[in-house]
Amino acid sequence: MRRPFVAGNWKMYKTLQTARELVDALRERLTEDCPVEVAICPPAPYLLPMQRAVDGTQIRLGAQNMWHEKEGAFTGEVSPQMLLDCGCTYVILGHSERRHTIGKGEDDALINKKVHAAIEAGLTPILCIGEKIDQREAGKTESVLTEQIKGGLAGVPADKVAASVIAYEPVWAIGTGLTATPAQAQEAHAHVRAVLAQMYDEPTAQAVRIQYGGSVKPGNAEELMTQPDLDGGLIGGASLKADDFMGIIKGTIQGKKL
Ligand code: PEP
């Protein structure tokens, strides 16, 4: 069985002080035998202090992005090794804000280079995919997801894909308060798994954890997580408050009947 995985994407929020307070609150409330895997993805400058704060706990650390080269003249970027040195297990790649909001945006070819570099370094990628509202309304959701999966995972071998995480995050649901219905999310996740089965094989497709992301809150987490192909969530806004994040973890446990 796939172990559900709830990760908090803090985006560009928090100060060092409030980041420490949040982790302290999570440490106090997360039991050692929590059946859900939990990770936090703070802004890059806080990775090292947050690594110290989660040391010895079940909380894993992830980065929000990285560059794919080992080193070089890439001002402002961080390498896979730098993330490993900060104690990261995970790295979010291809987040919709990086694809569509920041600068000229990242395409599947660049994201694919990052996925390869992350895996080669020993990091686990959380590959984000998702359609925009106009694409959904034009009936293109499945073709957009297929293209993003095939582009993002091109050349990645089956065993590495099986250990990776995909986050299905409809762009129209991120930070908007709009959430995919459980049925919409399940349909998209089942499609992702079908594409993986076609690219690789059924065992590989069944092994991949697929998170849902897009305005997940304590009030909708349980219902979403009852869906068989949802394996946890990538949480933005609601990961910034301990009560909300813990509520989502609890909802995941209840939804999955763990
Ligand atoms: C995200 O940033 O990945 C996200 C899903 O944000 P939110 O939960 O705020 O919609």
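Residues are numbered from 1 along each chain as its sequence is written, and side-chain values use heavy atoms, with hydrogens and water left out. In this predicted model, local features need pLDDT of at least 70 and side-chain atom pairs count only at pLDDT 80 or more, while totals for chains, interfaces and linings use all residues.

The ligand is surrounded by 14 residues, the closest being Lys 11, Glu 169, Gly 175, Ser 215 and Gly 237; a residue is near a molecule if one of its heavy atoms lies within 4 Å of it. By class, this shell has 4 nonpolar, 8 polar and 2 charged residues. Here Ala, Val, Leu, Ile, Met, Phe, Trp, Tyr, Cys and Pro count as nonpolar, Asp, Glu, Lys and Arg as charged, and the others, Gly among them, as polar. Polar contacts are pairs of N or O atoms within 3.5 Å. An N or O atom in the side chain of Glu 169 is 2.6 Å from an oxygen atom of the ligand. For a polar side-chain atom of Lys 11 the distance to a ligand oxygen atom is 2.8 Å, and for an N or O atom in the side chain of His 95 it is 2.9 Å. On its own the ligand has 290 Å² of accessible area (Shrake-Rupley method, 1.4 Å probe), and the protein covers 96% of it.

Pockets and cavities were found on a 1 Å grid over the protein atoms alone: a cavity is a set of points where a 1.4 Å probe fits but cannot get out, a pocket is an open set with protein on both sides within 12 Å along at least five of seven lines, and lining residues have an atom within 4 Å of a point. A volume is the space filled by probe spheres set on the points. The largest pocket holds about 520 Å³. Its lining comprises 22 residues, with Lys 11, Gln 64, Asn 65, Arg 98 and Ile 102 nearest the centre, and divides into 12 nonpolar, 6 polar and 4 charged residues.

The ligand sits in the second largest pocket, in the sense that more than half of its atoms lie within 2 Å of the grid points. The volume of this pocket is about 230 Å³. Gly 175, Ser 215, Gly 236, Gly 237 and Ala 238 are the closest to its centre among 18 lining residues, which comprise 6 nonpolar, 9 polar and 3 charged residues.

The model has 1 cavity of 30 Å³ or more. The space in the largest cavity is about 40 Å³, and its lining includes Gly 94, Cys 128, Gln 148 and Glu 169.

Note on methods. A polar contact is a pair of N or O atoms within 3.5 Å; within protein, one must be able to donate a hydrogen and the other to accept it, and residues adjacent in sequence count only if both atoms are side-chain atoms.
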